[in-house]
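Please open the structure in your viewer and keep the selection panel at hand.

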Amino acid sequence: MTSLSHYYTSFLAISALALLIGSCQSGQENDPLIAEGKRLAEQHCGSCHLVPAPELLDKESWTKHVLPAMASNLGLEVYPDGLYYAGPKAAISFDNWQKLIAYYQTLAPETLKPANKPEPIVDNWAMFSLEKPQPDTTKTAMTTLVVMDTIGHQLYTSDALRSDVTRWNEHLKPTLFRQFNSAAVDAQFFRDNTGKERSLFTTLGTMQAADIARGELVSLSMSGTSGMDSSTVAKQLPRPLKSLPVDVNKDGLADWVVCGFGHTTGGLYWMKQQPNHQFAKQPIKEVPGASQAVAGDFNSDGWPDLMVLFAHADEGIWLFLNDKKGGFTERNLLRFPSVYGSTSFQLVDFNNDGRLDILYTCGDNSDYSKVLKPYHGLYIYLNQGNFAYKQAYFYPINGCTKAIATDFDKDGDLDIVTIAFFADFKSNSAEEFLFFEQQKPLQFHPHAVPVSAYGRWICMDVNDIDHDGDSDIVLGNFAKTFIIQEGLKPTWDMHLPFVVLKNKTR
């Protein structure tokens, strides 16, 4: 019975979809069936996230990857041959699902055209010079963290294969600092109430896209070499990516806010410090995708608020205003289609009007649509006041992972550096690291600094590593896996854990 119903449904699927697409291709958007498919997409997809337009992906990505993945969320059974069965508990009928598919398959392009570069790229070192440690050829570099400790003036890295933290001295000689249960992805350095330096390392738990809650927050003393003076702030966190100190309730006890990216479950959490100095986890928003947070008094009421990037399903930047009662009220500031793959943001004042603007990147390309996307890249949204933001700049960068703005050349305006873990390594590997020199307000001159042979950059930190008054850059190399371009063979160094770009500006 099951087998007969399966083949009958499969036959109906092929017939119905062929008829729908054939009848729609001539009129396209004006065809009533396409209009109905669009309405169904808004109804069923828009209940979870911003509805992506068909032209954001090619036909094959929609029909073979994205829509089959989404079908199961609506209760549809997806067979190995790419056909569907809508059971009695499905949220959408079989016929309506075919209309929704027809909407995307009819209007999507065969392939996505590459974006036009608004400014030509110059290949040079700009004001940077390269320094690198001696690579250990017995180890594959899987760096998950590079961070400069501006209190103790040390450089730290972590590695996914070894789940350790390594301390590097001024000559880039390594010392094992701490062994963790999983790789560290974030570190915060601070002084405790006695004036001694401590750190809080956030460990991911697992690199797998799975609901495995093994992430931890570990506080360490930074004195000595072993990091043995430690305490665990939290365990069993859902793939946390970022932690930051915030005294949410202004009780004088340092709390932590944690971004738990998770997978199908996750959330933004307040680790509330109790009078006995233990921490209680309190959810702020329990949805997956929390990846980065910034604290600040955004409404000038004297209480700490949060601005948070969510980078899964319902992608965007949300503002959480402190309600002064141990909670937050939330409002959306920017929302992006679910295929963007949001990766980072930074709050900086680009136009010197006293209001913080948003520097944003998107480019995560390890999900269902592993094609180069012309809308991946670097964005600037200017603050219009009253928590409204308007796009003022875009530069396309395939697979853009992170951007950091600071005045690298000391000329009084903000420049930008970017990394792209999912760059077009086949034809434009130089876009893996770019330096944007601002020459006029919001006019940038991009430099492709030639470092693509030394690694594949997944993480970056910017600070003054040599204490000479300008900003240097550290790039972390995640050399293996996550290859999405067919036939691509790595041409980068597989063993070098990081490189340092020393700023030569005086």
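Begin by selecting strand E22, residues 357-362: 6 of its 6 residues are buried, so the strand is largely enclosed by the rest of the structure. Buried here means under 20% relative accessible area, with exposed over 50% and partly exposed in between (1.4 Å probe, protein chains only). Strands (E, at least two residues) and helices (H or I, at least four) are DSSP runs, numbered from the N terminus. The model is predicted: local features need pLDDT of at least 70, side-chain atom pairs count only at pLDDT 80 or more, and totals for chains, interfaces and linings use all residues. Residues are numbered from 1 along each chain as its sequence is written, and side-chain values use heavy atoms, with hydrogens and water left out.

Next, display the side chains of E22. Both faces are covered, with Asp 357, Leu 359 and Thr 361 buried on one side and Ile 358, Tyr 360 and Cys 362 buried on the other.

Two strands pair if DSSP finds at least two bridges between them. Strand E21 (residues 342-348) pairs with E22 in the antiparallel sense over 6 bridges, and Gln 346 stands opposite Leu 359. Strand E23 (residues 377-385) is also antiparallel to E22, over 5 bridges; there, Tyr 360 faces Tyr 379.

Move to the open sheet of 4 strands, whose order is E17-E18-E19-E20 with antiparallel pairing. Its edge strands are E17 (290-296) and E20 (328-336), each of which pairs on one side only. Trp 318 stands opposite Asn 332 in E20.

Then select the cysteines. How many disulfides are there? The count is 0, a disulfide being a pair of cysteine sulfur atoms within 2.5 Å. Cys 48 is in no disulfide, as its nearest cysteine sulfur, that of Cys 45, is 8.1 Å away. Cys 459 is buried, with a relative accessible area of 10%; its sulfur is 14 Å from the closest cysteine sulfur, in Cys 400, too far for a bond.

Finally, select Phe 422, Ala 423, Phe 425, Arg 456, Phe 482, Ile 483, Ile 484, Gln 485 and Leu 488, which line the largest cavity. On a 1 Å grid over the protein atoms alone, a cavity is a set of points where a 1.4 Å probe fits but cannot get out, and lining residues have an atom within 4 Å of a point. The volume of this cavity is about 30 Å³.

Conventions
1 Å grid on protein atoms, 1.4 Å probe; cavity = no way out; pocket = protein on both sides within 12 Å on 5 of 7 lines; lining within 4 Å. Points joined across faces, edges and corners; volume = space filled by probe spheres on them.
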